[in-house]
Amino acid sequence: MEQLTIRHIPPDLAQALERESQRLRESLEETVIELLRQALRTRTGGQKRNGLARLAGTWTQEEYEEFEKAVAVTEQLDEELWR
């Protein structure tokens, strides 16, 4: 396995990496590797997924319309809240 040492990391970047590591509940090393993969658009080995890809395109038109009807209320703006 390759190793890489990075020196002179600016404090703000080090803090941001640490925050992201805590947010993801991963080690700093895992966090940096994942961020590099995202930035370089590479996906080898254990590809992270959100688990929703298998659902894409599986709804019938009827199911889609039922969902749209159910969430329509969330698309309405309350004008009083924006004043």
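Biologist: Is Phe-67 buried, partly exposed or exposed, and what is its relative accessibility?
Modeller: Phe-67 has a relative accessibility of 38%. Buried would be under 20% and exposed over 50%, so Phe-67 counts as partly exposed. Keep in mind that this is a predicted model.

Biologist: Got it. Which residue forms an aromatic pair with Phe-67?
Modeller: That would be Trp-59. The structure holds one aromatic pair, and it is formed by Trp-59 and Phe-67.

Biologist: How are the two rings arranged?
Modeller: The pair is tilted, with 5.0 Å centre to centre and 55° between the planes.

Biologist: And how exposed is Trp-59?
Modeller: Trp-59 is partly exposed, with a relative accessible area of 47%.

Biologist: Let's zoom out. How many helices and strands are there in the protein chain?
Modeller: Three helices and zero strands. Reading from the N terminus, the order is α-α-α.

Biologist: What share of the residues is buried?
Modeller: Of the 83 residues in the protein chain, 6% are buried. The accessible surface of the chain is about 8300 Å², and carbon and sulfur atoms account for 53% of that surface.

Biologist: What about charge on the surface? Which residues form the negative patch?
Modeller: Glu-62, Glu-63, Glu-65 and Glu-66 form a negative surface patch.

Biologist: Where does Glu-62 lie?
Modeller: Glu-62 is in helix α3, which covers residues 61-71.

Biologist: New topic: backbone angles. What is phi of His-8?
Modeller: Phi of His-8 is near 60°, which is a positive value in a residue other than glycine.

Biologist: Where is His-8, and is it buried or exposed?
Modeller: His-8 sits in the segment before α1, the helix of residues 11-24. His-8 is exposed, with a relative accessible area of 77%.

Biologist: What is phi of Arg-41?
Modeller: Arg-41 is not a glycine either, and its phi is positive at about 55°.

Biologist: Where does Arg-41 lie?
Modeller: Arg-41 is in the loop between α2, residues 28-40, and α3. With a relative accessible area of 74%, Arg-41 is exposed.

Biologist: Thanks, that was a friendly tour!

Key:
Residues are numbered from 1 along each chain as its sequence is written. This is a predicted model: local features need pLDDT of at least 70, side-chain atom pairs count only at pLDDT 80 or more; totals for chains, interfaces and linings use all residues. Side-chain values use heavy atoms; hydrogens and water are left out. Patches are made of residues with over 30% relative accessible area and no salt bridge: like charges are joined within 9 Å, nonpolar side chains (Val, Leu, Ile, Met, Phe, Trp, Tyr) within 5 Å. Accessible areas come from the Shrake-Rupley method with a 1.4 Å probe; for residues, only the protein chains shown count as cover. A salt bridge is a side-chain nitrogen of Lys or Arg within 4 Å of a carboxyl oxygen of Asp or Glu. Lys and Arg count as positive and Asp and Glu as negative; His and the chain ends are not counted. The place of a charge is taken as NZ of Lys, CZ of Arg, CG of Asp or CD of Glu. Helices (H or I, at least four residues) and strands (E, at least two) are DSSP runs, numbered from the N terminus. Rings of Phe, Tyr and Trp (its six-membered ring) pair if their centres lie within 6.5 Å; planes under 30 degrees apart count as stacked, over 60 as edge-to-face and the rest as tilted. Buried means under 20% relative accessible area, exposed over 50%, partly exposed in between (1.4 Å probe, protein chains only).
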